[in-house]
Amino acid sequence: MPSIPFPKKKVPLEAAREELKILEKSYPDAKTALDYEDPFTLLIAVILSAQTTDAGVNRVTPFLFERYPTPQALAGAKLADVEKIIKPTGFFRMKAKSIVNAAKALVERCDGKVPRDRETLETIPGVGRKTANVVLSVVYKEPTIAVDTHVFRVSHRLGMTLGKTPRDVEGDLDKIVPEQKKHLVSHWMILHGRALCKAPWPLCESCPLNALCPTVPLRAKTLAARRPAKKVAGARRPAQGASKGKKG
Ligand code: SF4
């Protein structure tokens, strides 16, 4: 299927807020799909989730945390042992280094606790803005919005942003989403992106947002452009060699 362009104009604020209400209603129990017990296990699970699925991470973390249940235990782990456990998540050498170094940083600089402020969180190895936002919003219910590939796509398709980078999208969503819902909006969009607003082809016919969504006409246009031209009933193909407007 061809990909559908993102809308070139944002929807008005009231329409965007209406879209958010529908998302909230559609996913009332939205939460992270990563399994975790506490801030430490969530932080490590989020670092492991780069370039893989949450389900894939959930398959390895029980073994990882059985062996290394605390930052102190993981900080003292041998890289080769950690690599063996997390191998199925991909990029396992880099990830093993990140999570062991993250655990060391927690022990050495944060009293073994996951910090609650972004500035300190982002100094932990393996933690960028998105990971910090996930931890802050999921564990501490802070009003932060984590922009992953689903949030990026869904918010563009809904005309909430024209942002070129995750940071731009986060800034636009930050202006639209009510403060007390900011820690939830990523989960709504991730679930919606997985269920209906799929890449590259969204299932708009089944979507509760289709009356508001500016991507619906763009999708129809994209589909029409790809359909072969309809045959006119009764029309015949000209015989080979026949010329237009026979002379003589
Ligand atoms: S109507 Fe289509 S493009 Fe718009 S949010 Fe729903 S599934 Fe996505």
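**Figure 1. Contacts across the chain in the predicted model.** Among contacts in the protein that join residues at least 6 apart in sequence, 62% are between residues at least 24 apart. The model shown here, as in the views that follow, is a predicted one. Buried residues account for 35% of the 248 residues in the protein.

**Figure 2. The elements of the protein and its overall dimensions.** The protein has twelve helices and zero strands, and read from the N terminus its elements follow the order α-α-α-α-α-α-α-α-α-α-α-α. The C-alpha trace spans about 95 × 45 × 30 Å along the principal axes of the protein. Whereas a compact globule of 248 residues would have a radius of gyration near 18 Å, the value for the protein is 24 Å.

**Figure 3. The crossing of helix 2 and helix 6.** Two packed helices are described by the angle between their axes and by the distance between those axes. Helix 2, which covers residues 39-48, and helix 6, which covers residues 92-109, have axes that come within 10 Å and cross at roughly 155 degrees. Because angles over 145 degrees count as roughly antiparallel, helix 2 is roughly antiparallel to helix 6. The crossing of these two helices is right-handed.

**Figure 4. Residues in the contact between helix 2 and helix 6.** On the side of helix 2 the contact is made by Leu43, Ile44, Ile47 and Leu48, and on the side of helix 6 by Lys95, Ser98, Ile99 and Ala102. Sorted by class, the contact of helix 2 with helix 6 has six nonpolar residues, one polar residue and one charged residue.

Terms used:
Residues are numbered from 1 along each chain as its sequence is written. This is a predicted model: local features need pLDDT of at least 70, side-chain atom pairs count only at pLDDT 80 or more; totals for chains, interfaces and linings use all residues. Axes are lines fitted to C-alpha atoms, for helices over the stretch in contact, and angles run from 0 to 180 degrees between N-to-C directions. Helices (H or I, at least four residues) and strands (E, at least two) are DSSP runs, numbered from the N terminus. Angles under 35 degrees count as roughly parallel, over 145 as roughly antiparallel, 65 to 115 as roughly perpendicular and the rest as oblique. A crossing is left-handed if the near helix is turned anticlockwise from the far one by less than a right angle, and right-handed if clockwise. Two residues are in contact if their C-beta atoms, placed from the backbone, lie within 7 Å. Ala, Val, Leu, Ile, Met, Phe, Trp, Tyr, Cys and Pro count as nonpolar, Asp, Glu, Lys and Arg as charged, and the others, Gly among them, as polar. The radius of gyration is taken over C-alpha atoms; the globule rule is 2.2 Å times the number of residues to the power 0.38. A residue is buried if 20 or more other C-beta atoms lie within 10 Å of its own, exposed if 12 or fewer, and partly exposed in between; C-beta atoms are placed from the backbone.
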